[in-house]
Amino acid sequence: MSSEAAGRLLKRGERVVLASHNKGKLVEFRALLADSGIEIVSAAELDLPEPEETADSFEGNAAIKALAAARATGLPALSDDSGFCVSALDGRPGIYSARWAGPGGDMQVAMQRVHDEMGDNPDRSAAFVAVLCVAWPDGTTRFAEGRCEGEVCWPPRGAQGHGYDPVFIPDGERRSFAELSAEEKNATSHRGRALARFLKTCVAPGDTPR
């Protein structure tokens, strides 16, 4: 990270583009940033195209999305690249988590594939990982990472959340992410932890605007 990037901060009350078309993520980000004073507008609301994610890491793909949105709008942009990393599958689906849902984005297909490929492997450990990137139109980027450890469950449980939530039980819980309330999940999730780090390291301190 350059010294310029290290010192670059978002201002509270600033308008920021969320570089995502995922409605579930938009709801989570708005809830998690509700007290920050940061105004979120989504890429979908601005009719921005979705860039192709060609990087081989969460950080690289987050940067691709954030930079594309920042340069298209002239506003700071925030993105995340997140995935479900299963130990028995050598960390897969990982950065390909969304692609496992197929062209129709069917998460039932993705969860079934995880179950089928794990087979009877006794190692049920898994983690959700999220890397956030905030980018400015001049190309400056900053990152924050969050991780939540747990295990895979089967069959899928719960109707809350999105993605692989119904097949993941976080450490210290008996319920899946999809059985937790939004408040409970956000308090411990990978995205919640990444955003907490983001607020500490990437947002200027100060009173939230009224």
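This is a predicted model: local features need pLDDT of at least 70, side-chain atom pairs count only at pLDDT 80 or more; totals for chains, interfaces and linings use all residues.

Me: How many salt bridges turn up in the whole structure?
Reply: The search finds 14. One of them joins aspartate 81 to lysine 65, with the closest N and O atoms 3.1 Å apart. That pair links distant parts of the chain: aspartate 81 is in strand 3 and lysine 65 in helix 3, 16 residues apart.

Me: Are aspartate 81 and lysine 65 buried or exposed?
Reply: Both are buried. Aspartate 81 has a relative accessible area of 4%.

Me: What else does aspartate 81 touch?
Reply: Its contacts include Phe58, Asn61, Ile95 and Val129.

Me: New topic. Which residues does UniProt list for "binding site"?
Reply: The unreviewed entry lists Glu52 and Asp81. They span 30 residues in sequence, but no two of their C-alpha atoms are more than 12.6 Å apart, so they gather at one spot. Both are in the lining of the largest pocket.

Me: And where is glutamate 52?
Reply: In the loop between strand 2 and helix 3. Glutamate 52 is exposed, at 66% relative accessibility.

Me: Back to salt bridges. What does glutamate 179 pair with?
Reply: Arginine 157, at 3.1 Å between the closest N and O atoms. Both residues lie in loops, and the pair ties together parts that are 22 residues apart in sequence. Glutamate 179 is partly exposed at 32%, and arginine 157 is partly exposed at 29%.

Me: Which residues form a network?
Reply: Lys25, Asp80 and Arg191 are linked by salt bridges.

Key: Residues are numbered from 1 along each chain as its sequence is written. Side-chain values use heavy atoms; hydrogens and water are left out. UniProt positions are given in the numbering used here, feature names are shortened, and annotations may be inferred rather than shown by experiment. On a 1 Å grid over the protein atoms alone, a cavity is a set of points where a 1.4 Å probe fits but cannot get out, and a pocket is an open set with protein on both sides within 12 Å along at least five of seven lines; lining residues have an atom within 4 Å of a point. Helices (H or I, at least four residues) and strands (E, at least two) are DSSP runs, numbered from the N terminus. Buried means under 20% relative accessible area, exposed over 50%, partly exposed in between (1.4 Å probe, protein chains only). Contact means heavy atoms within 4.5 Å. A salt bridge is a side-chain nitrogen of Lys or Arg within 4 Å of a carboxyl oxygen of Asp or Glu. Lists of a residue's contacts leave out its neighbours within four places in sequence.
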